[in-house]
Amino acid sequence: MSPSDSCYVIVGGRPLRGTVAVSGSKNAALYALAATLLTADPVTLRNVPRIADIDEMAEVCRSVGARVTIEGETVRAETPVITSTAPPADQVMRLRASFLVMGALLGRAHEALCAPPGGDVIGSRPLDVHFVGFRALGADVTREDGGYRVRAARLRGARIFFDYPSVLGTVNVLFAAVLAEGHTTIVNAAPEPEVAMAAEMLIAMGARVSGHGTPTVEIEGVPTLHGTDFTVIPDRLEAGTYLLAGAATGGDVCVANAVPRHLDSLIAKLREMGAEVDDSPEGGIRVAARGALQAVQVQAVPYPGFATDLHPPMAAALTQAIGVSIVHERVYDNRTLYVNELRKLGARIVTAGESVIIEGASALSGTSVRALDIRAGAAVVVAGLAAQGETTVHDIGHLDRGYAGLEERLTALGAQITRR
Ligand code: EPU
């Protein structure tokens, strides 16, 4: 049976209680793996989550010359020579982050030919920001064989303005700029913690980058990068999902290694909902829902605003809050398909354009639902944990792409969840 044929069976209605630690960040680990292509030296990555997307990304890196070994949460990668600048289309199309080979190969080999990347079906996901950046650095970008070819005789630093602070766009252009001649400034860069971590890793490899984690990133190109031993940051989206599951079930959940400053927006909303939140400066976030949760309004926007990837599990939690909640989705134009799955569980939830209106609190009851993408999957798991009776979640291959050890961690918190 392939992972996507498996399902989760959740017997819900019990408050989650206890402490978990989350894995390394899925997205940051994917960027780190792509960054290993920028040097001929060996690179060791630690705290890499054991999820399907990492295996897929390792395949993409191997296809252009990387030797990659994965042992538990440690990944070793070495790319002495770039053996191909054209990763196979079928591999690239399996995940969105694969498109980072464009920037990495452009930086290291000055050319790449890459199919359009895959990824969740959550809206139109343009790539123009990536190409604006590559062109500004002196590359030609053309369409070829249904994909994109980038080529540059020389890469020269430039001042680049992004129309939109695209996360992968920022990382892709950063990859090319660290090995360009001269100074690059990216204005309206994505400040997400995962992007900032990618920049930290590049600095550990000898790159000269500053301003990462803010909208203006400065890069002074260097001729080559060297190897490093680097630890991936904890996954704030996984942490947020467990905290929301704790709140939705009226429980008391601590995510021991969550980084509070990565989750300011979620912490603020949980408090507004009436949950108690302790965030210790040494790390770790605890949420306790002692009384009834109250409705709130949420705007899913780029960081440090409320994360679009936490919108679906937040909506699931808000089915348990008294009053009318609204989640405005401002990042994606097709993120709300999960709403129909929550309705099957008894949620009173409708869409209005890209906004979602939720009337709570609803007594959810278990039924058969689907995980439509990673975060839509998180939404039905959170709702299933809050629902009375048995919920079967199909298509959990999506959850396997993003949540390592989901059932083990939820079981440790007292959930009744099994994989079949
Ligand atoms: N956009 C543009 N022009 C561009 C690129 C993006 O207008 O050239 C706009 C689009 O409206 C798009 C929005 O920006 O809908 C967000 O796109 P962005 O490029 O920032 O997203 P991404 O880099 O493709 C990453 C994560 C997503 C996460 C988003 C936003 C990876 C592999 N993916 O995607 O994560 O939702 O940033 O934070 O890092 C997930 O983990 O489940 C996931 C989908």
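**Figure 1. Crossing of helices H10 and H12 in the predicted model.** Helix H10 passes helix H12 in a right-handed crossing, meaning that the near helix is turned clockwise from the far one by less than a right angle. The structure is a predicted model, in which local features need pLDDT of at least 70, side-chain atom pairs count only at pLDDT 80 or more, and totals for chains, interfaces and linings use all residues. Residues are numbered from 1 along each chain as its sequence is written, and side-chain values use heavy atoms, with hydrogens and water left out. H10 (residues 311-318) and H12 (residues 374-386) pack at an angle of about 20 degrees, their axes lying 7 Å apart. The two helices are therefore roughly parallel to each other (angles under 35 degrees). Pro312, Pro313, Ala316 and Ala317 of H10 meet Arg375, Ala376, Ala378, Ala379, Val382 and Ala383 of H12 (contact: heavy atoms within 4.5 Å). By class, this contact has nine nonpolar, no polar and one charged residues.

Figure 2. Helix H1 spans residues 26-35 and is mostly covered, with ten of its ten residues buried (under 20% relative accessible area, 1.4 Å probe, protein chains only). Among them are Lys26, Asn27, Leu30 and Tyr31. Serine 25 caps the N-terminal end of H1, with a side-chain oxygen 3.4 Å from the backbone nitrogen of asparagine 27.

**Figure 3. Surroundings of isoleucine 10.** Isoleucine 10 is located in strand S1 (residues 8-12) and counts as buried because its relative accessibility is 0%. Leaving aside residues up to four places away in sequence, isoleucine 10 touches Val381, Gly384, Leu385, Gly389, Glu390, Thr391, Val393, Gln416 and Ile417. Isoleucine 10 and glutamate 407 are 397 residues apart in sequence, with a C-alpha to C-alpha distance of 9.6 Å.

Conventions: Buried means under 20% relative accessible area, exposed over 50%, partly exposed in between (1.4 Å probe, protein chains only). Helices (H or I, at least four residues) and strands (E, at least two) are DSSP runs, numbered from the N terminus. A polar contact is a pair of N or O atoms within 3.5 Å; within protein, one must be able to donate a hydrogen and the other to accept it, and residues adjacent in sequence count only if both atoms are side-chain atoms. Axes are lines fitted to C-alpha atoms, for helices over the stretch in contact, and angles run from 0 to 180 degrees between N-to-C directions. Angles under 35 degrees count as roughly parallel, over 145 as roughly antiparallel, 65 to 115 as roughly perpendicular and the rest as oblique. Ala, Val, Leu, Ile, Met, Phe, Trp, Tyr, Cys and Pro count as nonpolar, Asp, Glu, Lys and Arg as charged, and the others, Gly among them, as polar.
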